[in-house]
Amino acid sequence: MSHAAVSPVLVIHGGAGVIKRDMTPAREQAVRAAMTQALQSGHAELKAGKPALDAVAAALAVLEDDPNFNAGKGAVFTHDGRNELDAAIMDGYTLHAGAVAGVQRVKNPILLARAVMEHSPHVMLSGDGAEAFAQEQGITLVDPAYFRTEERWQQLQKALKEDAAKQPHADVETARHFGTVGAVALDAQGHLAAGTSTGGMTDKRRGRIGDSPIIGAGTYANSGCAVSGTGWGEFYIRTVAAHEICMKVTQMRVPLKRAAAEVINQEIPSMGGNGGAIALDAEGHISIPFNTDGMYRGWIGADGVPHVALYGDEDDGTTEIPEPAPAESVAQP
């Protein structure tokens, strides 16, 4: 069966549930600029004919380096004042994957996750062992102080005071455990990839690992679908959310937007969780479901024009992309 030429696509997110209408103009401008830069960096890889993995890694490295996102520099603090970082990447064409969890000195965890995938027999490494492997692979290590930002430190101090007073967390991001960056890409060869990176949740217990580095939960890609999630990780783990979306698409032939919405906007909320996701199929259809006030999100297609949106009522441009045909109307052999 012959396939038409594929138009490369890159979709990214910078976390759900962190949007406030009173965000300062300077902060909003910085977030939009970083999202745009990430899209352009990833698109440059796709335009050069590079694989989807390269686009995902390039885009996420930009967001990990920007303190406005809860990944890499700017990651949130654990209860005892550390930054513990998680990341994963997956190649949908080969089903190879790599992940790292609980690292404290790796400047770009997404690059280490890829090294685990490509240069070790394992899928996931954690903590000191992951950092030792990073050193062997020449992955940049930094002093843990590199990740600290005053904003994240103050978020923790506020959370600790609320803990001591046995009060619920007042800050939405802290209370609902949001904050992740992710990317999914389709390259010119028709191959998909997904990646996710995070600092986890403010005030988390030392050693807590969320959904982002768990293949199938917060990150998954196969030959027909790629997903990166952002939200309350425990619920994404329990529903194996990213894998479930892709199974609906590739095995049950459910259209991408419906499949993603069923998991993100129905199944997870029914259990008490919330958040969002980005999803992409092999035909280049995009889905960006979320059930929060907003979500940092963006995409870029063959024309090289970045589309970035932050707020829930803001058009992200995905309505321009036609919906795939329902399974019932697909011609049978």
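This is a predicted model: local features need pLDDT of at least 70, side-chain atom pairs count only at pLDDT 80 or more; totals for chains, interfaces and linings use all residues.
Helix H4 itself spans residues 127–137, and its buried residues are Gly-127, Ala-130, Glu-131, Phe-133 and Ala-134. Viewed down the axis of H4, these residues fall within an arc of 160 degrees, so they line one face of the helix. The face turned away from that buried side carries Asp-128, Gln-135 and Glu-136, which are exposed. The cover over the buried residues of H4 includes strand E3 (97–103), helix H3 (109–119) and strand E4 (124–126).

Strands E3 and E4 belong to an open sheet of eight strands, ordered E4-E3-E2-E6-E5-E1-E11-E12, in which the pairing is mixed. The edges are formed by E4 and strand E12 (306–311); each has a single partner strand, so one side of each is left without a neighbour in the sheet. From one strand to the next, the twist averages 10 degrees. Strand E11 (residues 294–300) and E12 run antiparallel and are joined by five bridges. In one of these strands, E12, Pro-306 is the bridge partner of Ile-300.

Two helices lie across strands of the sheet. Helix H2 (residues 52–64) lies across strand E1 (9–16), strand E2 (85–91), E5 and E6, and runs at about 155 degrees to E5. Helix H3 lies across E2, E3, E4 and E6, at about 130 degrees to E3.

Arg-114 lies in helix H3 and Asp-54 in helix H2, so the pair ties together parts that are 60 residues apart in sequence. Both Arg-114 and Asp-54 are buried. Arg-114 also meets Glu-118 in a salt bridge (3.0 Å, N to O). Arg-114 and Glu-118 both lie in H3, four residues apart, which is about one turn of the helix. Arg-114 has a relative accessible area of 16% and is buried, whereas Glu-118, at 42%, is partly exposed.

The structure holds 14 salt bridges. Among them is the bridge between Glu-262 and Lys-248, whose closest N and O atoms are 2.9 Å apart. Glu-262 lies in helix H9 (residues 256–270) and Lys-248 in helix H8 (residues 241–250), so this pair ties together parts that are 14 residues apart in sequence. Glu-262 is partly exposed at 22% relative accessibility, while Lys-248 is buried at 13%.

Ala-193 is buried, with 0% relative accessibility. The C-alpha atoms of Ala-193 and Asp-54 are 9.0 Å apart in space, although the two residues are 139 residues apart in sequence. The contacts of Ala-193 beyond four places in sequence include Ala-52, Leu-53, Val-56, Met-90, Ala-183 and Ala-221.

An unreviewed UniProt entry annotates Thr-180 as "active site". Thr-180 is placed in the loop between helix H6 (172–176) and strand E5 (181–186). The relative accessible area of Thr-180 is 4%, so the residue is buried. Leaving aside residues up to four places away in sequence, Thr-180 touches, among others, His-13, Asn-70, Thr-196, Ser-197, Ser-212 and Thr-230.

How values were computed:
Residues are numbered from 1 along each chain as its sequence is written. Side-chain values use heavy atoms; hydrogens and water are left out. UniProt positions are given in the numbering used here, feature names are shortened, and annotations may be inferred rather than shown by experiment. Buried means under 20% relative accessible area, exposed over 50%, partly exposed in between (1.4 Å probe, protein chains only). Contact means heavy atoms within 4.5 Å. The arc is that of the directions from the helix axis to the C-beta atoms. Two strands pair if DSSP finds at least two bridges between them. Axes are lines fitted to C-alpha atoms, for helices over the stretch in contact, and angles run from 0 to 180 degrees between N-to-C directions. A salt bridge is a side-chain nitrogen of Lys or Arg within 4 Å of a carboxyl oxygen of Asp or Glu.
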